[in-house]
Amino acid sequence: MKTNRKMVLVAILIATFLCAMEGTIVSTAMPSIIGDLNGMEYVNMIFSIYLLISAVTTPIYGKLADLFGRKIILSIAIVLFLVGSALSGTAQTMVQLIVFRAIQGLGAGSVLPISTTIIGDIFNTEERTKMQALFSGVWAVSGVIGPLIGGFIVETLDWRWIFYINLPFGLLSLIVLWFAFHETFEKKAKKAIDWAGAATFLIGITSLLYMLLFGKEKGFLSPGNLLLGAVFIVFLALFFVIEKRAEDPFLPLDLFKNRLILIPNLFGFFAFSFLIATTVYFPIWIQQILHKSPTVSGFALTFVTLGWPFGATLNARLIKQYGPWKVSTFGALLLVVSGLLLASIHVSTPIAVFFIVMFIAGFAFGLTTTVFMIILQNAVEWEQRGVAMASNALLNTLGQTIFIALFGAVFNEVSSRYAADGLTNGIRVVFLCVTAITVISFLIALRMPKMTKEQLFQQGTVHS
């Protein structure tokens, strides 16, 4: 049977919307959740566990999709996400909610890499530009309007419905995917999974994040934190040793020898920290310092959803006129501009500046990430496309996870030194850190190998 490409696109866009939104929708519901379940000390874990598990599992799903096919692996992952959603809605303690959020993240880890891989499989290279524009727009919109939807659900229903609402839409996505996507897939005789690599990576990164999130409570040089730091170093070293020796590695390190893989991944690791920082700290600044309503703060964040699809939609036209390198570099430069505007924010800054910052940033991401996605899809053969896209999703999410923990540590340290203006100074220092990171992202984008538009849109594989 023939694949219905439009219906497959609808299915993966629904799944993408739900999983991206779930990373942020909890934010506006947290006061109600804490009121019911207590456990204020676990608040950071509610967010970080979802991001961490989804980040670490993306390369596993990418490998599984290459070994067993996209359809079956994505279907299993959607089911896991829905099970985690249903369980999260029934949580009676914060510890239970953390565990159930981990199950959600376990399912969500597949959606971005496999969805983009499917787009690469069923659409030709020129069509992918339009598809990536649509995909990027949905990703941006869902991630940012999550807090708005969460606030509406909490006010009209109950916080548990921020999880239950996933069930009907997730089932619809699963059904459409199953009946519309007919994959031609030749199973491989050998299906080796590098569980040792995945386990050492998970243990190492979890140790680092736990130290960043909770290390300040006992001092970063306390014996417990030093032990966590040692665990991180040891297990990360073990991870590299295992990956070099593994016959079928969890994250093939050889991929990163290709600059067409390395540069987009490094850019995403640093640049996506801008999104998580503004999503977390803009509402705090706008509501508690400018004394505006939650609606205004949510509205400010939605401006990234206007810029992102606009930039992604213009991408194909600009690439044909100027080439991929100039377009991606210009997008990275615009991100620096938004970072400089972010650094200039102070207590008397008009609210319009927040809107401008987010619109420019969204436009910058729309230009740059769309080019990088197409390059990644063409940089490897079919059998490695899943793991290549998974590596990008891993680095994007891992960057957000690590940097939001670092930003939190910086904020806590700075704000604790000021009695009167701790909140203002703490957030301003975070914004300065974000500005520096946008400059690093731009310097990374400059290192992307130059290619012609004909090379970008050619069928098959491109190499560095």
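Does His291 count as buried or exposed? I began there. The model is predicted. I read a relative accessibility of 65% for His291, so this residue counts as exposed, the cut-off being over 50%. I placed His291 in the loop between α13 (273–289) and α14 (294–322). I then checked its backbone. His291 has a positive phi of about 60°, although it is not a glycine.

**Glu243**

I turned next to a charged side chain. I found Glu243 in helix α11 (residues 223–245). Its relative accessible area is 4%. Buried means under 20%, so Glu243 is buried. What does Glu243 contact, leaving aside its neighbours within four places in sequence? I listed Asp194, Gly197, Pro249, Phe250, Leu251 and Leu253.

**α1 and α6**

I looked at how helix α1 (residues 5–22) packs with helix α6 (residues 111–122). I noted an angle of about 160° and axes 10 Å apart. Angles over 145 degrees count as roughly antiparallel, so α1 is roughly antiparallel to α6. The crossing of α1 past α6 is left-handed.

I then wrote down who makes the contact. From α1 come Arg5, Val8, Leu9, Ile12, Ala15, Thr16 and Cys19. From α6 come Val111, Ser115, Ile118, Ile119 and Ile122. I sorted the contact by class: nine residues are nonpolar, two are polar and one is charged. I kept the helical repeat in mind here: an α-helix has 3.6 residues a turn, so residues three or four places apart point the same way.

**α9**

I checked the length of helix α9 (residues 166–180). Its 15 residues should span 21 Å at 1.5 Å a residue, and the end C-alpha atoms are 21 Å apart, so the two agree. Which residues of α9 are buried? I noted Asn166, Gly170, Ser173, Leu174, Val176, Leu177 and Ala180.

**α15**

I closed with helix α15 (residues 324–343), which has 20 residues. From first C-alpha to last, α15 reaches 29 Å. That is close to the 28 Å expected at 1.5 Å a residue.

Methods: Residues numbered from 1 in each chain as written. Predicted model: local features only at pLDDT ≥ 70, side-chain atom pairs only at ≥ 80, totals over all residues. Heavy atoms only, no water. Helix = DSSP H or I, 4+ residues; strand = E, 2+ residues; numbered from the N terminus. Expected span 1.5 Å × (residues − 1). Buried < 20%, exposed > 50% of the residue type's maximum accessible area, 1.4 Å probe, protein only. Contact = heavy atoms within 4.5 Å. Axes fitted to C-alpha atoms, helices over the stretch in contact; angles between N-to-C directions. Parallel < 35°, antiparallel > 145°, perpendicular 65-115°, else oblique. Left-handed = near helix turned anticlockwise from the far one by under 90°. Nonpolar A, V, L, I, M, F, W, Y, C, P; charged D, E, K, R; others polar.
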